[in-house]
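Please have the sequence and the coordinates open as I speak.

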Protein chains: 2
Amino acid sequence: VLIRVLGAAAGGGFPQWNCGCDNCRAVRAGDSAFRALTQESVAVSADGDAWFLINASPEIRSQIEAFERLWPRAPRHSPIGGLLLTNGDLDHCLGLFSLRESQPLVVHATESVRAGLVNDNVFYRTLERFPGQVTWRSLDLDEELPLGDGALRVTAVAVHGKVPLHLEGRRAPSAGDNVGLVIRDTRSGGRLAYFSTVAGPSEALSRGLDEASVVFFDGTFWSSDELIRAGLGTRRAEDMAHWPTGGKEGSLSLLASQKKPTYLIHVNNTNPVLREDGAERLALRQVGVEVAYDGLELTC
Amino acid sequence: VLIRVLGAAAGGGFPQWNCGCDNCRAVRAGDSAFRALTQESVAVSADGDAWFLINASPEIRSQIEAFERLWPRAPRHSPIGGLLLTNGDLDHCLGLFSLRESQPLVVHATESVRAGLVNDNVFYRTLERFPGQVTWRSLDLDEELPLGDGALRVTAVAVHGKVPLHLEGRRAPSAGDNVGLVIRDTRSGGRLAYFSTVAGPSEALSRGLDEASVVFFDGTFWSSDELIRAGLGTRRAEDMAHWPTGGKEGSLSLLASQKKPTYLIHVNNTNPVLREDGAERLALRQVGVEVAYDGLELTC
């Protein structure tokens, strides 16, 4: 699998528009210990020709322009063969509405994510302007499906998560609300395990990680009370369905046990791992875990 | 009025993600006759301290980061004192949903634009998470209203336009669907006339231009059949409610008659005026009309 990180930050990006926390101030000031990050999205391909985007960030336009392989090759064209949504959060879906210019789209999502986007959403009419504008492909849990010509195959794995913020109180949670993706290259045999939103451990998650060649994992928060201590919020990481990386109960021990290339992604602007020379980053490095960044490319 | 152009392109930006027209190919190739442009938005201020954004483009995050005066000055803060929407098109409104992080917003819009955003839109719940998250201020036509502390005052002027694409067939057109804005600085006396979507001439438009010190005007298309001739679409400029600049019936003669600093904005990626050394750009320059670009600053 050819992998290119288009954006590595959690919703809001890094820096976040209304945030003057230490990290955001430092990156704005040009402190070389930090890199600016756009919001989470990753492009994958078997052949470098057809690409599939995991999540559609609000910054999708600049993300496409920053990666030459995603540029059109004809007057109206896109090498983007499809999009995959891991949940219905706005930072994963808003970008779809920036792809509305008369281009047929294929979107892979669970039924609950699709319904959350399509129902009670007048904006969605912009993606219904001609027959076949959006072709939905259902991500049925634990079933391996072809992407495009089938050189890549994807399996969606239910992981602990939550209903998107804007749907809270609107409908009951469902197993398909939040998924990880295992993307297998049928030729190389490489497997990318992509779990960018994980509320906590589960057997399905462990299985997904075990069989992977490369792991991308929820790196939203280092600690549970990160926002509270910074005076920036009242909610703990767990209230937002994110498993913190650090601490005794953190995800790091699970990730460290994997012994394979592992990258934190969906990193929140407040996260101390964003500082390249900080103690938390060192703790990651010591167990072979890296922090993803915009433009990172790898192959598995 | 302090004016800073955050983005000068029409919906889709320049280059547009799925467009390989001559202009888009040239700007991607680094041709120095072209500048890349993000989607239309302009920031205005009386004192350089509090700023008001005309339109909320999908690229609002990168636009804010590109202009230091819009950066937060406290752990949770924004110098953006309000936003003004000229119509309900997605390229003018999607950015609101990228400003959802617990920050109170003030949005000025006509009642019909507000209703188009708020009704039948499950995404809007993300802007209703706490009391006072969004304060709507109604832009009543032809009535001058204060912005923030009142150093700037704004008057909305109905201009020919149309219902946003995603609301077509959903409701009847209304006079408030599409407005120009006249923004007056009560101290300097300067007046910005901002008319980024204009379907054709009208008395109200001419009055707005007459009293202005600086004009920003709809520069979407140079000619009616621009998309058709390029093989990129079937609709004429007029079908999309844009008055072309060139030709015998074009807006240029009205603009030329104004004899004041005048900038085309909301420029479509196909527009030949984007070529700095082209014949169309020369025709503009000969009558004192310029093309706006990201980062342009002026004062009136």
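Let me begin with a term: a residue is called buried under 20% relative accessible area, exposed over 50%, and partly exposed in between. The model before you is a predicted one.

With that cut-off in place, consider A:R184. Its relative accessible area is 22%, so A:R184 is partly exposed. The residue pairs with A:E144 in a salt bridge, and the closest N and O atoms lie 2.7 Å apart.

Turning to chain B, what does B:E144 meet in a salt bridge? The partner is B:R153, at 2.9 Å from N to O. B:R153 has a relative accessibility of 24% and therefore counts as partly exposed. For B:E144 the figure is 28%, again partly exposed.

There is also a network in chain A, in which salt bridges with shared partners join A:D31, A:R275 and A:D277. Within it, the side chains of A:R275 and A:D31 meet at 3.8 Å, N to O. This pair, too, links distant parts of the chain, 244 residues apart. A:R275 sits in the loop between β12 (262–265) and α8 (279–286), while A:D31 sits in the loop between α1 (22–28) and β2 (41–45). Both are partly exposed, A:R275 at 32% and A:D31 at 28%. Over all chains, the count of salt bridges comes to 34.

I move now to the interface. How many salt bridges are counted between chain A and chain B? The count is four. A salt bridge also joins the side chains of A:E65 and B:R28, with 2.9 Å from N to O. Chain A brings 55 residues to the contact, and chain B brings 55 residues. The area buried between the two chains is about 5,000 Å², and carbon and sulfur atoms give 56% of that area. On the side of chain A, A:W17, A:R61 and A:F123 supply 20% of the area buried against chain B, more than any other three residues.

One residue in contact with both chains is A:S98. A:S98 lies in the loop between α3 (90–93) and β5 (105–109) of chain A. Is A:S98 buried or exposed? With 12% relative accessibility, A:S98 counts as buried, because the cut-off for that class is under 20%. Leaving aside neighbours within four places in sequence, its contacts are A:I60 in chain A, together with B:W17, B:P58 and B:L94 in chain B.

Finally, the cavities. Which residues line the largest cavity? They are A:A33, A:F34, A:R35, A:L37, A:L274, A:E276, A:R281, A:V291, A:A292 and A:Y293. By class, this lining comprises seven nonpolar residues, three charged residues and no polar residues.

That concludes the presentation.

Terms used:
Residues numbered from 1 in each chain as written. Chains lettered and ligands numbered in written order. Predicted model: local features only at pLDDT ≥ 70, side-chain atom pairs only at ≥ 80, totals over all residues. Heavy atoms only, no water. 1 Å grid on protein atoms, 1.4 Å probe; cavity = no way out; pocket = protein on both sides within 12 Å on 5 of 7 lines; lining within 4 Å. Nonpolar A, V, L, I, M, F, W, Y, C, P; charged D, E, K, R; others polar. Helix = DSSP H or I, 4+ residues; strand = E, 2+ residues; numbered from the N terminus. Buried < 20%, exposed > 50% of the residue type's maximum accessible area, 1.4 Å probe, protein only. Contact = heavy atoms within 4.5 Å. Buried area = accessible area lost by both parts, 1.4 Å probe.
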